[in-house]
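Trainee: Please take a close look at the aromatic pairs in this structure. Walk me through one of them slowly.

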Amino acid sequence: ILNGTTNFILTRMANQGLSFANALKQAQSAGFAEADPTFDIEGIDAAHKLAILASIAFGGWVKISDVYCEGISKINLMDVQIANQEFGYGLKLLGIAKEKDGKVEARVHPTFLPKDHPFLPVKDEYNAISIVGDAVDDVMFYGKGAGQMAAASAVVSDVIFLSRHVAEGTAGKLPYVTYDKKHKIKILRHSEIKSKYYLRFSTLDQRGVLAKISGILGKGGVSISAVYQPQNHIKNSAGIVIVTHEAQEGRVQKAVRQIDKLAVVKAKTVLIRIEE
């Protein structure tokens with residue numbers, strides 16, 4: 001959890017039932033969000049931080065262009081509430097970096113987490129970083145990630161760090177981030193990542209709609225774990241929520257594009273990834 005502003009917004013949506021717009025207003029009033037909050041709410045700030053952390057972690061340059069980025073501005077309170085009440089999930093904007101089989105995946109996006117995940121108690125403007133090390137195993141860092149004094153403390157710390165380099169004559173001679181520029185990191189394409197998925201479909205209230213949707217998912221190699229149909233008070237319309245087993249991103253996206261073209265589908269499918 002690398003951005004205090006978005007964590008504040010998602011906390012207020014989950015705990016107070018606020019819409020995204022109202023939660024953002026609260027964040028701005030509290031001084032956690034700027035007048036133009038784009039960098040925060042679209043995940044750009046978190047993506048920059050993840051690029052730095054991934055570069056340090058994996059010993060090579062992970063560029064900002066290597067990081068898949070998706071923010072929270074399109075999050076609907078309905079999905080936060082359904083996922084919590086029916087599946088026991090909480091929502092966070094996560095920066096995720098993993099190395100496997102010589103390739104690194106780096107992504108920032110809204111993510112559902114199970115209730116026992118250590119990130120869910122991280123509320124409001126607080127941040128948390130979980131690291132899995134070869135020898136130390138799980139390590140977690142926790143603290144404020146937004147606010148006047150927390151931001152000022154970080155800035156002053158950087159000024160002191162740079163001043164010491166100037167005073168010692170090492171400014172510009174020693175790297176500020178430890179990684180090997182010659183070490184080329186292979187980035188896993190986002191379409192190749194694997195995750196579980198929360199999918200919400202808005203459809204006409206007709207027979208056979210669920211069968212059509214599940215059929216397309218099945219043909220695309222996407223297995224269904226759970227199905228929920230929330231009550232819909234709009235005439236002739238229905239909602240269908242599907243949680244999948246782990247699947248490849250590219251397969252899920254392809255299936256969703258096909259489903260969105262169906263005549264019975266009234267709006268673009270909501271897709272939120274799940275990390276267990």
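Mentor: Five aromatic pairs turn up when the whole structure is searched. Rings of Phe, Tyr and Trp (its six-membered ring) pair if their centres lie within 6.5 Å; planes under 30 degrees apart count as stacked, over 60 as edge-to-face and the rest as tilted. Take phenylalanine 112 and tyrosine 198: their ring centres are 5.1 Å apart and their planes stand at 65°, so this pair is edge-to-face. Phenylalanine 112 sits in strand S3 (residues 103-114) and tyrosine 198 in strand S7 (residues 194-204), so the pair ties together parts 86 residues apart in sequence. Strands (E, at least two residues) and helices (H or I, at least four) are DSSP runs, numbered from the N terminus.

A word on the source. This is a predicted model, where local features need pLDDT of at least 70 and side-chain atom pairs count only at pLDDT 80 or more, while totals for chains, interfaces and linings use all residues. Residues are numbered from 1 along each chain as its sequence is written, and side-chain values use heavy atoms, leaving out hydrogens and water.

Back to the pair. Both phenylalanine 112 and tyrosine 198 are buried (under 20% relative accessible area, with exposed over 50% and partly exposed in between; 1.4 Å probe, protein chains only). Phe112 and Tyr198 also belong to one aromatic cluster, together with Phe87 and Tyr89.
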